[in-house]
Amino acid sequence: MNKQFSRRDFLKLAGGAVVTVAGGSLLPQFLRKTLMPEQVVNAAGDYDLFFAGTDGFMWNPGPSMAPYHPDDWVEPPFTNYMFGFRNVTYFEDSVGGLTADEKVQNQKLKAQHNAPFFWLDQYDDTVNPVDFKLQVTNLGLQMRPDLTDPHTLHWHGFRNVIPFFDGEPTGSVAIPTGGLFTYVYRPRDPGTYMYHCHVEDIEHVQMGMTGIVFVRPLQNITNPSLYPSGKFAYNDSDGSTGYDREFPMFLSEVWVKARWNGLHIQEHVWADFKADFSLLNGRVYPDTLLPNSPIDVANSTKSLVIQSDPDTGDLVIPAEPRLQNQPHSALITCEAGERVLLRFANLGFREASMTLAGIKMKVVGRDATPMKGRDGTDTSYETDTLLMGAGESYDTIFTAPAFSGGSGSSGNGYDTYVLYNRRYTQVSNLSDGGSGGQRTEVRVYPTGGLGAQAHFNDAVNYFPL
Amino acid sequence: MLTSKFKWMRLALVLLMGLLAFGPLAHTQPAQALEQPQVGMLCTTGPTFDLTAETGYIMMPDMTTMFMWSYGTPGGGFQHPGPVLCVNQGDTVTVTLTNSLTVPVSIMFPGQENVQANGAPAQPEFSGSTLVSLTNSAAANGGTVTYSFVANRPGTFIYESGTDTKMQVGMGLFGALIVRPNAGADHVYNRADSQFTAAEEYIAILSEIDPYQHQAAEMGVNFNMNNYRARYWMLNGRGFPDSIADNNASWLPGQPYGALALIHPYDAGAHPLPAVERFINVGTEDYPFHPHGQNGLVIGRDGYAVEGPGGQDLSMEKFAVNIGPGQTWDVLFKWYDAEGYNSATKPVPVAVPNLVNVAIGMFYGGSPYLGEMETLPPGMNTLNQCGEYYIISHNHALFQLDAWGSPMAGPITYLRVDPPLPNNCP
């Protein structure tokens with residue numbers, strides 16, 4: 001944070017004049033009218049998605065770790081401070097109420113974790129010559145008005161990016177409070193990537209401005225008949241990466257001391273980082289098993305859109321209100337014999353060792369690259385444990401085993417397999433027992449027991465926990 | 001959270017001096033500096049080497065100094081890390097170590113076979129039944145030992161102390177050994193597809209420092225290894241922004257190796273071959289290095305080409321190059337101007353915001369386009385020289401970018417992409 005001050009010092013030394021430009025908002029008033037043009041009015045519809053960066057609150061379970069957790073400046077039911085993104089693409093003007101833009105501004109202090117999942121079709125000059133435009137605004141930090149941090153959206157792993165669209169603030173530009181910027185992508189390489197704000201990235205990543213982005217292969221358009229679903233992880237030419245259902249497995253971490261310090265305007269040493277909570281899709285077990293917040297299925301064509309209050313734009317309050325800002329389930333459901341694609345991405349700072357007990361996974365992609373050597377040699381492999389470093393992604397497909405019959409191993413009509421981080425220090429939720437953190441379940445139903453997946457990360461959950 | 005203002009002032013200093021070196025004042029640099037390239041891997045050539053083990057100090061990114069142990073060359077002054085030893089496949093490599101430390105010191109050559117020490121097979125040393133050194137050591141206060149081996153396999157290797165390893169390697173007794181293949185110095189291995197642009201060879205030696213361990217060594221007191229915790233992470237023995245200063249930067253006398261990578265865009269005719277980066281991890285944790293804007297093609301690990309038994313190519317593209325302790329990874333990379341955006345014929349498909357409405361990075365030239373610059377708003381300056389691109393590379397275990405309280409000061413460097421030749425770059 002406070003980058004402006006440091007840059008100002010830098011400019012002084014470099015013989016620069018008095019003004020540092022981190023957005024026209026820092027210009028003296030008398031210069032602003034002269035130098036600062038009107039913001040370009042956002043042309044309606046000139047973007048595919050519109051995200052807003054801001055701060056907010058999230059929930060993590062006990063036990064208490066005074067004074068850091070739960071944070072006594074955070075209103076229940078929430079427990080910890082965070083930064084994050086909100087998907088504000090589909091806001092509309094309300095008759096007699098807030099305009100769409102007012103609803104966007106109203107999302108300050110209403111970030112979500114993890115950031116919205118979004119996806120694109122592979123760009124191709126002939127088959128799919130479509131630019132994907134992602135507009136991002138910076139709403140500022142409600143609880144830290146002293147901070148004027150810009151934000152960016154860095155697509156981690158995008159090949160051959162030009163700095164202008166990379167979201168890395170030193171080699172390019174960043175979005176000051178109140179600013180707008182549109183990133184344009186022509187993704188030519190399918191696979192699973194991740195994204196995050198790259199301003200003061202140790203802090204903004206740890207604070208939660210992180211999510212998954214993935215690129216669907218051209219083969220979905222050009223050769224869908226290679227697998228019954230017509231959906232593939234990569235351009236495999238043989239259907240080997242075809243799948244029936246897909247789920248994100250997004251790994252992130254919470255250091256409660258850093259969250260507390262962020263809210264209470266205190267300092268700490270990032271070198272002493274500690275992962276108190278390890279999250280899957282923004283939640284810790286057993287909340288990972290709870291359903292998504294209600295989904296706006298009709299609009300979930302480019303991103304997983306969480307329903308919002310039509311009057312305010314706020315995320316709807318789910319059955320468990322403490323999870324309002326952590327809307328993503330990590331439950332995996334499927335039918336016996338189906339192929340299930342898991343898109344893993346790790347934006348925690350620690351290695352994770354994700355084990356799926358009882359079902360082998362086939363690794364079909366790594367860092368958004370299909371498992372093939374330059375000469376075409378197949379390098380895919382089967383495993384039950386993925387060792388994932390910080391910033392790595394993996395695409396794995398498993399074939400759901402046969403249903404055990406009767407009511408299933410759970411007694412609820414499905415068989416249960418556990419997916420968990422074998423680094424047991426990452427599954428403790430600060431307490432004994434090893435049953436928290438990055439842990440979820442694969443539930444296998446008999447053939448015909450679920451019906452088709454209605455949208456990305458749709459896990460039908462028929463039974464109470 | 002708070003970035004030290006001194007760090008950014010220091011960055012300005014580093015870069016201004018770097019720019020001076022690039023600019024017309026370059027002839028005022030000492031002759032020695034001109035003989036060696038400003039960027040890229042600096043080789044100390046053999047195959048016969050004399051190394052010393054000695055003490056010295058390095059400059060840390062938070063403006064402190066750190067007491068170190070390191071290998072150096074006789075009369076070459078203290079340097080950290082040890083010299084990059086370059087030999088050819090099949091060479092008989094001879095390394096004579098003279099130990100000026102007050103404790104016994106040795107050198108291990110992981111990946112080399114049939115290493116000889118003083119003419120006999122190298123063996124671990126015991127005190128009674130206790131292993132005290134993984135290989136033959138040179139006695140304290142002036143002892144010597146001579147190692148030799150035939151460098152049979154091409155690739156990237158580590159050399160490091162085998163004595164009291166957690167202490168001595170932690171103190172800085174490590175370096176890199178490069179074995180050039182028979183296929184030629186512009187190949188990493190004896191595979192045609194391991195060829196690279198000879199002028200674009202880079203090394204990234206990743207390490208870590210526990211300041212209390214180094215303080216204990218400086219004071220000559222015991223350090224309890226149970227308390228070990230790294231608080232600095234280094235790239236070629238430097239933190240950021242020193243990491244992007246030139247090789248042999250005069251203000252870093254004991255830290256000769258820069259890490260800035262300078263390349264031109266891929267071009268099928270003029271510039272068809274990739275660059276190479278040789279990653280080495282001499283720390284105690286995995287270091288997931290993340291290059292922006294270009295995936296690394298991992299073609300070798302630990303001195304073995306990534307290939308099948310029949311020579312099948314098993315290389316892999318990675319955007320997180322996740323190097324484990326003691327591993328070396330050989331990575332080819334290039335930057336391809338995929339869209340060819342330019343202001344005249346192919347502008348970016350979005351309105352470019354006015355520069356007063358964005359926060360401008362210090363390396364940004366004001367234009368989205370390679371080779372173009374724009375006038376910045378009043379009061380703004382840039383370190384950009386000719387519209388070149390600066391694309392960051394850094395460790396993605398992000399807490400390791402913190403230098404014990406100074407964020408963004410750890411293993412960070414940049415890929416500098418210059419416009420295709422001919423260009424207006426200095």
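In which order do the four strands of the open sheet in chain A come, and what kind of pairing does the sheet have?

Reply: Happy to walk through it with you. Please keep in mind that this is a predicted model. The open sheet in chain A has its four strands in the order E3-E9-E8-E5, and the pairing is mixed. Strand E3 (118-121) and strand E5 (154-156) of chain A stand at the edges with a single partner strand each, so one side of each has no neighbour in the sheet. On average, and with direction ignored, neighbouring strands of this sheet are turned by 30° against each other.

Strand E8 covers residues 191-196 of chain A and strand E9 residues 210-216, and six bridges pair them in the antiparallel sense.

Seven of its seven residues are buried, so E21(A) is largely enclosed by the rest of the structure. Arg439(A), Glu441(A), Arg443(A) and Tyr445(A) point one way from this strand, while Thr440(A), Val442(A) and Val444(A) point the other way, and all are buried. Strand E12 (residues 332-335) of chain A pairs with E21(A) in the parallel sense over four bridges. There, Ile332(A) has Val442(A) as its bridge partner. Strand E20 (residues 415-421) of chain A pairs with E21(A) too, in the antiparallel sense and over six bridges. In that pairing, Val418(A) is partnered by Glu441(A), one of the buried residues named above.

Over in chain B, strand E18 (residues 275-281) is worth a visit. Seven of the seven residues of E18(B) are buried, so the rest of the structure largely encloses this strand. Ala275(B), Glu277(B), Phe279(B) and Asn281(B) point one way, Val276(B), Arg278(B) and Ile280(B) the other way, and all are buried. E18(B) runs parallel to strand E15 (residues 201-209) of chain B, joined by six bridges, and antiparallel to strand E24 (residues 328-333) of chain B, again with six bridges.

Ile203(B) stands opposite Arg278(B), and Arg278(B) in turn stands opposite Asp330(B) in E24(B).

Conventions:
Residues numbered from 1 in each chain as written. Chains lettered and ligands numbered in written order. Predicted model: local features only at pLDDT ≥ 70, side-chain atom pairs only at ≥ 80, totals over all residues. Buried ≥ 20, exposed ≤ 12 C-beta atoms within 10 Å, placed from the backbone. Helix = DSSP H or I, 4+ residues; strand = E, 2+ residues; numbered from the N terminus. Pairing = 2+ DSSP bridges. Axes fitted to C-alpha atoms, helices over the stretch in contact; angles between N-to-C directions.
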